[in-house]
Structures are given as structure tokens and as C-alpha cells.
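Look over the structure first, then read on for its pockets and cores.

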Amino acid sequence: MGDQAYWNAGDRPRIFINWQSFTAQGISNDWQGPVTDAVLNAYTRWQNAGVDCRFQFWNYTDRTEPQDGEIIVSMNERHFDTSRVASTFTSWRKASLVIHRKNGADLTPWPLVPFNAQPGQIDLQGIFQHELGHCYWLDHSGSADDVMFGSYSYHSNRFGPWEGDVAKAKAIYRDFDRNRLREFRSVDGGASWFAQGTQITDYNNYQARTCLTPGVTSIGGSGLYALGWSHPNRIPTWLRTDGVNFLFNGWVYYGGERSVHGPALADEPGGLMLMAWVHNDNNGTIRVVRSTNQGQSWAWANTPADATTFGTPGLASTVVNGRRAWVLAWAHFDRADHPGTGRIRASVSYDDGWTWSTPTVVPTSYDYKSLAGVSLGAAPDNRVVLGFSWAGPDIYSMNLVRSLDCEVSGDRLVQRGTGYSNDRTRTQPAVTYDPGRNLFHLSFREQNFLTSLRVAQKEWLKTSWSAAQQLPNSTSSTAPALAHSRVGNNLLLWYGGE
């Protein structure tokens, strides 16, 4: 059919799930929530493409035909005598997405699962990502690396969209440029938060918009922060701010780069900073840059060997036996390694990013894998907290917020405890350390209809996060970013929202 824009700019196609059609094919009612989560997880990743057509789950239905502006998801027995797992049927501003329960060639049930698939299983999130590409009216791709390739692949389908997919979508839809950079601030250690007006929020400019998670860090003892983000066309940029006013002089971009996740930023007391984002190649290669002049300019640093990921990486600095240590962590991605993809890896640098230790999997008490990216917060005495959303191996653990209490041991990051939460999120949570209260703060985007933001706190090695506090009027299109000032007692939370 060729790539065509069969939605209007600004459309929010409403997704309905005909759950009766799933149970009619023998699917357990226990899977209703997890299958819905697989749909929402899939279109959450498509939002990273940054096009002005964004899907939204609306409700369940017993209808089989979509109305104007709708997508209906259903299941049938099979697609004739073919080996097709799913099909999408489209017309102007409507689509039907059908999962086929059985292989039509031999009538054996497909090994479909709504959670993170093991080898030999078919990942429904990945199937939905491919079929939602068809709902964008994208045709099949000739590259096996793309979500839109005609055959199922765990890595290509679940962890996209990839550069070929994004380029196809951006060729037929305009950029989504209505997410402003927005800030919440706390001046009482996280007990209360308020929406903070800023120059960048009010700045009516394409370059002050984003479709990806921003990053923020304090800048030593200067009283300033560095805020990093990617434009809707995914060019990384940054500015310095006191949290309200911005230093626009000398504002430049990494124009030759395209970021698909990130950035993450971290500083040390003297003001040296590192920033990391994920390049738009088909392996998710992490880039690292360094600033030695408090964020006025940046230069390339080195990157750990084979540091590749499908989500935002985490960065933090701490002190280990009197030496400054930088920690870079990420959810591992390797198209040749199904069991290892999603496991959290880390690397340590003792020379400000010039060299990094050999990446190793953070040893955990459970085989945790990340749904999206990771985040790091660190105290100056080698207490580190790593946050992530769990890509669990069953219907009960999907999207749960988890954190690892860690410390740096030599050239490795090792776990000392686990932070549990009953909350869930489709994106990585944010973590920062508050020295005034000796607490770690965590923020995440909820899975409710408004995708509002919540914050929680805990001490290092405490097993549970506090009951999460919802921030009022905080509908967010991205995951949040957190930072604590080294001057005063301010906590800043940044996100992208209309």
C-alpha cells in the first residue's frame, strides 16, 4: 500500500479492545489487564517517534467494526491457512487490529504472552508495536532491524521503533511540538511540590519542545542546574538555569546527532559534568559527553565497550575510597542475546569518563529486566540507588516500579538491597539523593488515563518506598527527571507536557 498518512495532524485515535473476542479463543480473563498493558506499552514506545498522531486507550467494547477515529483490537482463530500472527485492516481514520490465536497452516496455537517473552514465546507487546505501525499506515520495511519488517523478531519488534521506522513515520506526519518543558519544585525536602513557572516553559519555540524524557543535574556549588533535552526532531541540546531563568547566550545543539532516549546528566561538587544519550543507530549505542566549565560547552568523552540499550541510561557520581567514581548504567540490548537483553549493566570510570571498566551485569537477588530505561541517584559516600520499571516474566510483575540499592566495589556496581513498590509505570522512574534529609527521592509517571506524576522517598537499604504522592495537574507525555541542588534545599522535577 505504501506509507500514507490516513490520520489528520493532531489526531488522537481511540483504541478499544474487544475482550470478548479474546476469551472466545480460550484466553484467560486474568490476561485482560496484561494484554491491555501490552497495547499501552507498545504505543508508549511509538510516542518516542515524535509525530503528531498519538494513540490513546479508550475502553473495552463488544463492537467488531471501528467508527471514525477508532482502532479496535480483537482476536480470531486464524488467518485462513497462513502462518500470520496478526493482521491490521485500515481505511480513512479507522483501523481493525486482529491477533490470530492459531497458526493457520497447522492449527497449532501461537505461544503468545502479554509479558516479557522468553525464547520460544511470541511477545504481544512486540506484535502490537508492529501492528500499530500499520495503524499509522506504514507499510512493511525491507530492513530486518525495523519494527515494520514483515517477520516477527523479539528484538526488532519489542524494542523499537528504530531509525527506519521513525524516518518513515516522520516522512508522512508532522513533528509533535506541543510538549513544553515543565518543572515542579519542592523547597521542603519533598513534603510538598508546586508547579514552577520558567522562561523555557513560556518560550514559544520549536527548540524548547521535546518528545523524550529530559535530564537535569545541579552544577556543583554554583546554584545552577543543567537541563538537557532533545528537540522534536531528536537533536540533543542543553541550557543552564537557576530553575526559573535560563542562560540563553551561546545556546547550541548537537546538530549532527539524533537522540532516541535520554539525555541523563550528573555532576560532581566541583561542577564537572557528564551527559549521556542513546544514538539513533539500530543497536542503541550510548554517547557520553563531558563539560569541564560548568556546562558552558561539552566535548566527547569515551563510552564503555558495547554499551547499547533501548531506553534512557542512568548517570551518577560518588566517592569510593577517596576517589571520584562515575557510574553509567543501562538496560542491555543485544540482538543476538535474547536472555541477556533487558538485564541491567553498569560501568565505572575513575577518570571523568576517559576510560570505563568492562561492563558487567549488576548482580541481583532476582533476574530483573528493565521495561524501558534506568536512572541513578548517588550519595557522596558510595550509596547508590538504581530505578527501573520491571519487564517481568509473568502477568503479575509487569511494569512494577523497582529499585536496587547498590554501591561501587572496585570497577563494578553491586547490589546491597531492593526497594519495592506496588506502583507501576511504562517508563523509567527518576531517582535523586537529598543530603539535607539523607533520603533518596523517586518519581514516576503513572499508568492512569492522565499519566500524572508521583513522588516517593526512602532511606538507602530500606525495603519499601513511601506511599507515592500525586502531583496535581501533572499530566506528562514523558518520564520525569529529578535533581537536588547542592546549594539550598531545592528539589527539581522536569518533564515534557502539553
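This model is predicted. Its largest pocket has a volume of about 630 Å³. Closest to the centre of that pocket are Thr 217, Leu 376, Val 431, Thr 432 and Leu 482, out of 41 lining residues.

**Largest pocket**
- Strands supply two or more lining residues each: E10 (215–218), E14 (259–267), E18 (314–320), E22 (370–378), E26 (430–434) and E30 (481–484).
- The lining of the largest pocket counts 24 nonpolar, 14 polar and three charged residues.

**Second largest pocket**
- The volume here is about 460 Å³.
- Its lining has 21 residues, and Arg 12, Asn 448, Phe 449, Leu 450 and Thr 451 are the closest to the centre.
- Helix H2 and strand E2 (56–60) each give at least two residues to this lining. H2 gives the most, with three.
- By class, this lining has six nonpolar, ten polar and five charged residues.

**Nonpolar cores**
- The largest nonpolar core holds 54 residues. Ile 15, Phe 22, Ile 99, Phe 128 and Leu 132 have the most contacts inside it.
- Elements that each supply at least two residues of this core include strand E1 (14–17), helix H2 (32–46), strand E5 (94–100) and helix H3 (124–135).
- H2 gives the most to this core, with seven residues.
- Beyond its neighbours within four places in sequence, Leu 132 is in contact with Ile 15, Val 39, Ala 42, Tyr 43, Trp 46, Phe 55 and Leu 97.
- A second, separate core has 22 residues, among them Ala 346, Val 374, Phe 388 and Val 408.

Terms used:
Residues are numbered from 1 along each chain as its sequence is written. This is a predicted model: local features need pLDDT of at least 70, side-chain atom pairs count only at pLDDT 80 or more; totals for chains, interfaces and linings use all residues. Side-chain values use heavy atoms; hydrogens and water are left out. A nonpolar core is a set of buried Ala, Val, Leu, Ile, Met, Phe, Trp, Tyr and Cys residues joined through side-chain atoms within 4.5 Å. Buried means under 20% relative accessible area, exposed over 50%, partly exposed in between (1.4 Å probe, protein chains only). Helices (H or I, at least four residues) and strands (E, at least two) are DSSP runs, numbered from the N terminus. Contact means heavy atoms within 4.5 Å. On a 1 Å grid over the protein atoms alone, a cavity is a set of points where a 1.4 Å probe fits but cannot get out, and a pocket is an open set with protein on both sides within 12 Å along at least five of seven lines; lining residues have an atom within 4 Å of a point. Grid points are joined across faces, edges and corners, and a volume is the space filled by probe spheres set on the points. Ala, Val, Leu, Ile, Met, Phe, Trp, Tyr, Cys and Pro count as nonpolar, Asp, Glu, Lys and Arg as charged, and the others, Gly among them, as polar.
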